[in-house]
Amino acid sequence: MPVPRGDGLLSHDLLPGEKGPQDACGVFGVWAPGDEVAKLTYFGLYALQHRGQESAGIAVSDGSHIVVYKDMGLVSQVFTEASLESLKGHVAIGHTRYSTTGSSVWENAQPTFRSTATGHLALGHNGNLTNTHELKRRLADLATASGELPLGARVQATSDTDTLAGLIAAHPELSVEQAAMRELPHVRGAFSLVFMDDDALYGARDPQGIRPLVLGRLERGWVIASETAALDIVGASFVREVEPGELIVIDENGLRSHRFAEADPKGCLFEFVYLARPDTSISGRGIQTVRVETGRRLAREHGVEADLVIPVPESGRYAAIGYAQESGIPFAEGLVKNAYVGRTFIQPSQTIRQLGIRLKLNPLRDVIAGQRLVVVDDSIVRGNTQRALVRMLREAGAKEVHVRISSPPVKWPCFYGIDFASRAELVANGLSVDEICRSIGADSLAFVDLDELIEATTVSKDRLCRACFDGIYPVELPEPELLGKHVLEGIERRAVAGASADVEGVTTLLGGGAADALDRP
């Protein structure tokens, strides 16, 4: 189960076994000769732990060798003082993973590693590619042309990241920089990359800039990271965002920029709602400021007579503050969270499972009893968590429970790096707001309007990806059978079995993702 985020508890994981929207990954890279780059990367990953809790890894180069240290678990579980001391060099990259393509196994932990004709390559990826099947075919063609064995016969990794690393490494006549410029124009979907060879640090962002990526300056070097909060923790000053369609290269000759595709900005709106830390800035706008403003707009849209506004810790906190400020209803802490219940705690029996929400949240009865409550949360996915919350608050003596959500109804799955439930499981896909309200047992329920949320970000609507809210996908999607978290594992098994290299008609394992969404009403 996911652990506490950088900004608090994952409110969607209050019930044992209940999976809400999961963050994709966090990436961090540093080029700083003379500094302890492994430790800088370690602290940077700490700041990005909320973006992925399944595995963590760091790669470091001393100019002639790259050492990759990675394992399953949290940053604090994977690394020790001794392991960090052993990672010596001048350039490093790091990664925290939540799997969106490929199973959560050690082979798919990142950074992924490749030998190249000119040295070595390590790569970390935040996002999700939509043309992985085409890239897999392209990689096989390159391997055939060079006389090498197909990728599937040599490695056990089944992530889109490993395929991407293989493509960059598959050009013996080119440098890593040249190979990246050759291959990145062929890649579709969401990708914010940090990668390195023996001497240089690289950062790249897809032409839509769906996932965030920023550039920072150290006194003696440079940093590339998923969020500005990671720059803060290592003492780097923010320089700018990596532009959509841009490749940045940092080495002993300084920083240089290449354009591998025309920019068509479509930044993820859900980063503002939930994914990013509140102390991060995206597109020049502080995430905490956006969330407070969204709460104010929610109060203006959907006011109600009530005695207290309480947040669902922690993701609903800042919208609840905004709601209270705008409505004049006092803000109060009505729920206490246990920050130490994480992904490894023992699963309860079925009998105890019914009380599972108390493992992470418990009501303050003296605050709640006899009160009319406005309960603010960031989103509703399946509705199970909110249903349990409403029941718990009523049992604690709440007179009324009015639920307010600081995002529009989530009706569509994400194929760009957020692991939502499938469309069939999204409660807003099948029920009206009134029906959802009855389903969770609230006295009233309301969501912020999509245009109001967009205005709160101050980013223009045509520069945002709103697909999970309006079903408009900015990057073309392949056929449903070529989508899903485990699609490459199906392709790999066919390759190992000696089947045709043609991926058309592949039987894939479509896990808990949303590969069925496009052919559902």
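Residues are numbered from 1 along each chain as its sequence is written, and side-chain values use heavy atoms, with hydrogens and water left out.

**Stop 1: the whole chain**

Colour by pLDDT, the predictor's confidence in each residue, from 0 to 100. The chain's mean is 84, and 79% of its residues reach 70 or more. Select residues 100–104: the pLDDT there is below 50, and the stretch has 26 contacts in the model beyond near neighbours in sequence. Contact means heavy atoms within 4.5 Å. Next select residues 485–521. Here too the pLDDT is below 50, with 80 contacts beyond near neighbours in sequence. Where pLDDT is low, the predicted coordinates should not be read in detail.

Now show the cartoon. The chain holds 18 helices and 23 strands. These are DSSP runs, numbered from the N terminus: helices are H or I with at least four residues, strands are E with at least two. Of the 521 residues, 62% count as buried. Buried means under 20% relative accessible area, exposed over 50%, and partly exposed in between (1.4 Å probe, protein chains only). Among contacts with a separation of 6 or more, 72% come from residues 24 or more positions apart.

**Stop 2: the seven-stranded sheet**

Select E3, E2, E4, E1, E10, E9 and E11, in that order. They make an open sheet of seven strands with antiparallel pairing. Two strands pair if DSSP finds at least two bridges between them. The edges are E3 (66–72) and E11 (237–241), each pairing on one side only. From one strand to the next, the twist averages 15 degrees.

Zoom in on E1 (residues 25–31) and E4 (residues 91–97). Seven bridges join these antiparallel strands. Pick Val27: opposite it stands His95 in E4.

**Stop 3: helix H1**

H1 lies across E1, E2 (55–61), E4 and E9 (214–218), and runs at about 25 degrees to E4. Axes are lines fitted to C-alpha atoms, for helices over the stretch in contact, and angles run from 0 to 180 degrees between N-to-C directions.

Is H1 enclosed or open? Nine of its 11 residues are buried, so H1 is largely enclosed by the rest of the structure. Among the buried residues are Val37, Leu40, Tyr42 and Leu45. Show the rings of Tyr42, Phe43, Tyr46, Tyr69 and Phe79: ring pairs link them into a cluster.

**Stop 4: strand E12**

Select E12 (residues 246–251). Six of its six residues are buried, so the rest of the structure largely encloses E12. In a regular strand the side chains alternate between the two faces of the sheet. Glu246, Ile248 and Ile250 are buried on one side of E12, and Leu247, Val249 and Asp251 on the other.

E8 pairs with E12 in the antiparallel sense over four bridges. Gly203 has Ile248 in E12 as its bridge partner. The bridge partner of Val249 in E13 is Arg256. E12 and E13 form a hairpin, with two residues between them.

**Stop 5: aromatic pairs**

The whole structure contains 10 aromatic pairs. Rings of Phe, Tyr and Trp (its six-membered ring) pair if their centres lie within 6.5 Å; planes under 30 degrees apart count as stacked, over 60 as edge-to-face and the rest as tilted.

Select Phe191 and Phe260. This pair is stacked, 6.2 Å centre to centre, with 25 degrees between the planes. Phe191 lies in E7 (residues 189–196) and Phe260 in the loop between E13 (254–259) and E14 (267–268), so the pair ties together parts 69 residues apart in sequence. Both Phe191 and Phe260 are buried.

Move to Phe270 and Tyr274. Their rings are tilted, 5.8 Å centre to centre and 50 degrees between the planes. Both residues are buried.

**Stop 6: helix H10**

Finish on H10 (residues 317–327). Its buried residues include Arg317, Gly322 and Tyr323. H9 (287–301), E17 (308–311), E20 (372–377) and E21 (400–405) are among the elements that cover them. Gly328 follows H10, with a positive phi near 80 degrees.
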